[in-house]
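Please open the model in your viewer and keep the selection tool at hand.

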Amino acid sequence: MIIGLTGGIGSGKSEVSSRFEKLGITVIDADVVAREVVTLGKPALNTITEHFGSSILLADGNLDRKKLREVIFENPSEKLWLENLLHPIIRTEIITQLNLSKSPYAILASPLLLETNQHELVDRILVVDADEALQLTRASLRDASNEEQIKKIMLTQMSRSERCSNADDIIHNHGNLLELEQQVQNLHEQYLKLAQKEI
């Protein structure tokens, strides 16, 4: 059984993921996979460099993610080109990693689970929900990004209400870490029971 974990920027997805991992559950993070497929020596990085030029590389030859983000944020057609290149590669790698999972159920954590076809890979959707003001505060502290940039990212993501309406389960991340821990524990027990039924 595969659980798709998603939520808006700054909602607390990573915090939730790490708690499931501590319970012995395999978590495949789409963001981590997306970074892995464009590391030095990977074919995707060569294709990106050919397309955008070497100005999007750091001195050591690795991808300058910040620079690339700036380029595609200003240019929707370039963003589309990049997505068309990377999404199939990322999807293939995610499937490979999910197939290697040995835990009773696995989690695919992805900020764009519902915006891409990644939701087709999962049996249930778990949304981590937090109000916009809280998302903004958390994301600003974590990324040291300015509020304008975070607001722009939030606009590219699915709305809170739409995301929650697609959920099978919701973690309300408005309180303290103890409350979060309890919600994760309750879901873990529920998922173990569901996974047993699927065997």
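**Stop one: the cores**

Begin by selecting Ile-48, Leu-86, Ile-94 and Leu-108, which have the most contacts inside the largest nonpolar core, a set of 31 residues; such a core joins buried (under 20% relative accessible area, 1.4 Å probe, protein chains only) Ala, Val, Leu, Ile, Met, Phe, Trp, Tyr and Cys residues through side-chain atoms within 4.5 Å. This is a predicted model, in which local features need pLDDT of at least 70 and side-chain atom pairs count only at pLDDT 80 or more, while totals for chains, interfaces and linings use all residues. Residues are numbered from 1 along each chain as its sequence is written, and side-chain values use heavy atoms, with hydrogens and water left out.

Helix H5 (76-99) is among the elements that give two or more residues to this core, and H5 supplies its largest share, 6 residues. Now select Leu-86, which touches Val-37, Val-38, Ala-44 and Ile-48, leaving aside residues up to four places away in sequence; contact here means heavy atoms within 4.5 Å.

**Stop two: the sheet**

Next show the open sheet, whose 5 strands follow the order S2-S3-S1-S4-S5 with parallel pairing; strands are DSSP runs (E, at least two residues) and helices likewise (H or I, at least four), and two strands pair if DSSP finds at least two bridges between them. Its edges are strand S2 (26-29) and strand S5 (169-172).

**Stop three: the helices**

Finally, select helix H1 (residues 13-22), which packs on the sheet and touches S1, S2, S3, S4 and S5, and then H5, which lies across S1, S2 and S3.

Technical notes:
Buried < 20%, exposed > 50% of the residue type's maximum accessible area, 1.4 Å probe, protein only. Axes fitted to C-alpha atoms, helices over the stretch in contact; angles between N-to-C directions.
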